[in-house]
Amino acid sequence: MEQQLSKLKTYLKKHFWLPVLLIVLIPRIALAQEDAGSPGGFVGIFQSIVDALSYVIYFKIGGENGIPFIVLWLIAGALFFTIRMKFINVRGFKHAIEIIQGKYDDPNDEGAVSHFQAFAAALSGTVGIGNIAGVAIAIRMGGPGAAFWMTVAGFLGMSSKFAECTLGQKYRIIKPDGTVGGGPMYYLSRGLSSIGMSKVGQGLAILYAISCAIATMGAGNMFQANQAYAAVSNVLPFFDNLAWLFGIILVAIVGLVILGGIERIGSVAGILVPVMAVIYTIACVWVILVKFTDIPNAIITIITTAFNPQAVAGGTIGAIIIGFQRAVFSNEAGIGSAAIAHSAARTDESVREGIVALLEPFLDTMYICNMTAIVIVLTGVYADPGSADLDGARLSAASFETVIGWFPYVIAVAGFLFAVSTMITWSYYGQLAWAYLFGDKTVNIYKMLFLAFGFIGTVINLDLVLEFSDVVLLAMSVPNLLGCFLLSGVIARELDSYMSRLKSGAMLAELEEVRNREPVLK
Amino acid sequence: MSWLTKKSVLVPIDFSETSYEAIAPAKDFVEDESALTLIHVLTSLHPADPAAMWNTLGDEQRKEKVKAFLGEKLGEMGYKNVQIEVKVGDPSAQIIDFAKDIAADLIVIPCHCNKGISRYLLGSVAERVVRFSPCPVLVLK
């Protein structure tokens with residue numbers, strides 16, 4: 001060890017310019033954000049990679065003004081599961097709340113956490129800064145009507161979320177140490193092999209793991225870092241030209257948790273996030289109450305512009321595309337990532353955890369995102385020509401500011417915490433995907449890459465970050481939904497059997513009997 | 001064979017079939033099964049793993065579960081008196097440290113001999129055990 005240290009010292013003495021170069025380069029990269037529009041250099045290379053990916057993923061069906069293939073794919077998936085599972089998003093809703101309350105918890109079942117705990121863990125990856133910034137982006141690009149389509153996407157997305165999380169439970173693996181391995185990689189490979197398609201399953205699982213490992217760098221990382229910076233620099237002008245400094249601070253905090261194993265920061269963020277979410281929604285209600293008389297008008301604006309948008313490229317279709325894209329970006333329905341967290345739940349009924357999971361798009365998109373949307377539309381800041389350059393978190397902050405002067409500070413704190421907790425959760429998803437491809441031993445390389453991308457996210461501009469994050473996140477839905485389609489027969493059978501046992505009352509009676517018995521030592 | 005007889009032999013186990021196959025050759029070096037120690041190294045949980053987030057599964061519990069699992073598996077294989085140890089951390093570092101702790105005079109380790117990217121990036125656990133081990137190492141191929 002000492003030998004290695006002295007070697008390193010002599011190496012650094014010989015190459016003293018190396019650390020100097022690093023220190024000089026960091027602000028250089030930061031400056032590059034300003035000429036992101038012009039190709040060339042670091043940003044130019046990144047832009048061309050994003051362009052190539054977009055070309056494939058956004059391949060338009062139906063000519064120049066058609067719907068991109070990937071959006072059609074997500075809409076088809078959500079619609080298909082809603083109809084195939086006979087509107088499970090409606091009929092499972094009440095039961096989902098009962099399960100969360102613990103009525104169906106059986107401590108003797110296998111798994112690591114309760115239904116509620118698994119739900120909360122998945123939610124910490126879902127509720128991110130997208131709930132504040134993403135809605136603003138949707139309204140900026142697609143008009144207020146995009147918020148309506150986001151809600152529709154959230155409603156239908158509940159069914160795709162149900163499908164993927166049921167599969168995540170069904171094909172999970174309980175490891176010898178009691179931890180659970182689950183998620184799309186497992187249900188694609190194990191699930192499809194159980195219906196005699198093992199080759200297809202393995203191929204899709206690898207494809208999924210590749211796209212997941214890359215996608216975690218975007219939506220769950222660069223986008224979060226970028227918008228956390230936007231929210232913080234909005235109230236702390238000190239950071240205005242110091243994006244790189246903010247990037248280092250953010251990456252250091254996330255790094256301490258995921259590399260240094262300082263779990264306390266993670267758990268503190270985990271506790272503060274729900275608190276922040278509650279404060280945030282209370283503020284939304286406050287703004288809505290202040291502008292009470294304008295509510296009917298705001299709702300009329302949202303609905304009329306949904307079907308007849310003005311100044312939106314592509315008209316109604318354009319608004320639908322933007323609404324669905326932003327909704328999926330926020331609630332991950334069809335992406336498969338949440339199935340990883342849900343598979344840890346303690347249960348022997350896979351459908352039960354799937355039903356819990358359908359609450360996620362509801363809370364995330366139909367509730368929190370809609371709150372933000374109504375605030376933005378009510379305050380009217382988005383339509384003010386003077387604030388045309390505001391986008392993302394800055395637009396949301398400006399909207400709240402018109403009613404609650406100090407609220408941008410809350411958005412800065414909430415945004416920062418949301419970003420940290422979402423980044424930590426997504427680094428977990430990405431690490432599992434990486435480990436699936438390269439084994440457990442090289443995960444530190446993944447973590448280093450993750451932190452590097454987080455840093456880059458803070459210093460380059462929103463458009464590019466968003467373009468990259470979108471394209472790689474949506475790519476995950478290709479192998480995931482394809483697998484879910486192929487396994488939809490399995491899900492439907494499980495659901496029918498579960499529902500008939502639930503209705504007959506046999507399920508609760510059985511649980512009652514288990515609880516009254518002497519506890520079984522495991 | 002008596003000059004080859006060892007007092008304490010360590011066998012790292014990663015639950016793969018090849019690692020279980022290392023127990024039989026290791027047993028040839030000792031007079032009694034109790035001189036054999038099996039070690040499994042768990043990686044620490046990611047802070048966002050639901051079990052870590054809610055603290056429902058601590059390292060001690062994970063170790064106990066693995067010990068019980070290995071005990072049962074070894075029982076089925078006909079080994080009744082083998083010692084079992086479970087550690088959490090980096091596999092090669094833990095194996096080497098533990099070998100020092102129990103003054104092992106031989107480590108028997110199977111080699112998965114990684115190919116491709118992981119080999120270039122990190123090499124295999126067996127490679128690093130060979131490099132830093134305090135005692136002779138038998139690598140099975």
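Reader: Which residue of chain B meets the side chain of D177(A) in a salt bridge?

Author: The model is a predicted one. A salt bridge requires a Lys or Arg side-chain nitrogen within 4 Å of a carboxyl oxygen of Asp or Glu. The pair in question has a distance of 2.9 Å, N to O, and the partner of D177(A) is R62(B).

Reader: How many salt bridges does the rule find across the interface of chain A and chain B?

Author: The interface brings 26 residues of chain A into contact with 24 residues of chain B. Across it, the number of salt bridges found by the rule is one.

Reader: What area is buried between chain A and chain B, and which three residues of chain A supply more of that chain's part than any other three?

Author: Carbon and sulfur atoms give 73% of the buried area, which is about 2200 Å² in total. On the side of chain A, 29% of the area buried against chain B comes from three residues, more than from any other three: P176(A), D177(A) and K441(A).

Reader: Are α16(A) and α19(A) parallel or oblique to each other?

Author: Helix α16 (residues 315-331) and helix α19 (residues 359-379) of chain A pack with their axes 9 Å apart, at an angle of about 125°. Angles of 65 to 115 degrees count as roughly perpendicular and those over 145 as roughly antiparallel. The two helices, α16(A) and α19(A), are therefore oblique.

Reader: Which residues of α19(A) make the contact with α16(A)?

Author: α16(A) passes α19(A) in a right-handed crossing. From α16(A), the contact takes A327(A), S330(A) and N331(A); from α19(A), it takes P361(A), D364(A), T365(A) and C369(A).

Definitions and conventions. Residues numbered from 1 in each chain as written. Chains lettered and ligands numbered in written order. Predicted model: local features only at pLDDT ≥ 70, side-chain atom pairs only at ≥ 80, totals over all residues. Heavy atoms only, no water. Axes fitted to C-alpha atoms, helices over the stretch in contact; angles between N-to-C directions. Helix = DSSP H or I, 4+ residues; strand = E, 2+ residues; numbered from the N terminus. Parallel < 35°, antiparallel > 145°, perpendicular 65-115°, else oblique. Left-handed = near helix turned anticlockwise from the far one by under 90°. Contact = heavy atoms within 4.5 Å. Buried area = accessible area lost by both parts, 1.4 Å probe.
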